[in-house]
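I opened the notebook to go through this chain step by step. The structure comes first, then my entries.

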Amino acid sequence: MYSYSILNARARENVTSSPYTLHLVYCDADFLTYTAYIVNGTFYSIRDFIFVGLMVIASVYIVYTLLQHEKTVKGIRSSDRVKQRSTEYKASRAVILLVALYVILFGLDNAMWIYTLTLSDVSPDMNNIRIFLASSYATLSSLVMILTNPKLKHSWKYSYKKWSIHKRSGNNELVFSASK
């Protein structure tokens, strides 16, 4: 949440608000003046872009370290004889996918935020879309991790097969079990 909005946040009322009000889910954040609205929005956008940039730099370093490790242990492993992608390659691919997903979703969210700074009266639907984009990373990142991790992918397929066989047998109970 925005620290400036704590000073001006209020519960929804049946009154007219200023044109510089963000209609959030449970409250309205009224910035009262255009200057406060723009300064607040610009400050948080710059802060967010700095942290996303740092995350991208850290991810590039992680991928670089994984690929250097792959070169270092090449020929040492017994699995190198098989023509398969290395563990480091798979891990770096997962890191790249997760970072790209986050940057895309966060970029869309921030682009919408910057766009709302140009408007004087922001539609509540715009904030709902931003909330959806911000929360969709949690769901999509877990899917990326399942699909890029062979152990999780195998376990997920096994659980789905077991569930569908159980369902076809006529038993409508939903049973979840963890097995090795």
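**Entry 1: ground rules.** I call a residue buried under 20% relative accessible area, exposed over 50%, and partly exposed in between, using a 1.4 Å probe and protein chains only. The model is predicted, so I kept local features to pLDDT of at least 70 and side-chain atom pairs to pLDDT 80 or more, while totals for chains, interfaces and linings use all residues. Residues are numbered from 1 along each chain as its sequence is written, and side-chain values use heavy atoms, without hydrogens and water.

**Entry 2: the fold.** I listed the elements next. Helices are DSSP runs of H or I with at least four residues, strands are E runs of at least two, and both are numbered from the N terminus. I found five helices and three strands. Their order from the N terminus is α-β-β-β-α-α-α-α. Then I looked up burial: 28% of the 180 residues count as buried. For surface, I used the Shrake-Rupley method with a 1.4 Å probe, where only the protein chains shown count as cover for residues. The accessible surface of the chain is about 13000 Å², and carbon and sulfur atoms hold 66% of that. A contact means heavy atoms within 4.5 Å. Among contacts with a separation of 6 or more, 52% join residues 24 or more positions apart.

**Entry 3: the record.** I checked UniProt. The unreviewed entry places "transmembrane region" at residues 49-67, 94-117 and 129-148. Such annotations may be inferred rather than shown by experiment; positions are in the numbering used here and feature names are shortened. I compared two of these spans with the model. Residues 94-117 are 100% helix and 0% strand, with end C-alpha atoms 34 Å apart. Residues 129-148 are also 100% helix and 0% strand. Their end C-alpha atoms lie 28 Å apart.

**Entry 4: a surface patch.** Which residues form a nonpolar patch on the surface? I noted Ile46, Ile50, Phe51, Leu54 and Ile57, with about 530 Å² of accessible area together. Patch members need over 30% relative accessible area and no salt bridge; nonpolar side chains (Val, Leu, Ile, Met, Phe, Trp, Tyr) are joined within 5 Å, like charges within 9 Å. Phe51 sits in helix α2, residues 34-73. Phe51 counts as exposed because its relative accessibility is 54%.

**Entry 5: salt bridges.** I count a salt bridge when a side-chain nitrogen of Lys or Arg is within 4 Å of a carboxyl oxygen of Asp or Glu. Side chains of opposite charge can pair when their charged atoms come close. How many salt bridges does the structure hold? I found two. One joins the side chains of Arg47 and Asp48 at 2.9 Å, N to O. Arg47 is partly exposed at 34%, whereas Asp48 is buried at 17%. The side chains of Asp109 and Arg130 also meet in a salt bridge, at 2.8 Å, N to O. Asp109 lies in helix α3 and Arg130 in helix α4, so this pair ties together parts 21 residues apart in sequence. Asp109 is buried at 10% relative accessibility. Arg130 is buried at 11%.

**Entry 6: aromatic pairs.** Rings of Phe, Tyr and Trp (its six-membered ring) pair if their centres lie within 6.5 Å; planes under 30 degrees apart are stacked, over 60 edge-to-face, the rest tilted. My search of the whole structure gave three pairs. Phe43 and Tyr44 are edge-to-face, 5.0 Å centre to centre with 80° between the planes. Is Phe43 buried or exposed? Phe43 is exposed at 52%, while Tyr44 is buried at 5%. The ring centres of Tyr102 and Tyr137 are 5.0 Å apart and the planes stand at 80°, so this pair is edge-to-face. Tyr102 lies in helix α3 (residues 87-117) and Tyr137 in helix α4 (residues 124-148), so the pair ties together parts 35 residues apart in sequence. Ring pairs link Tyr102, Phe106 and Tyr137 into a cluster.

**Entry 7: around Tyr102 and Tyr115.** I left aside neighbours within four places in sequence and listed the contacts of Tyr102: Val52, Met55, Gly107 and Tyr137. Tyr102 and Met55 are 47 residues apart in sequence, with C-alpha atoms 9.9 Å apart. Tyr115 is also in helix α3. Tyr115 is partly exposed at 44%. The C-alpha atoms of Tyr115 and Met126 are separated by 9.9 Å, and the two are eleven residues apart along the chain.
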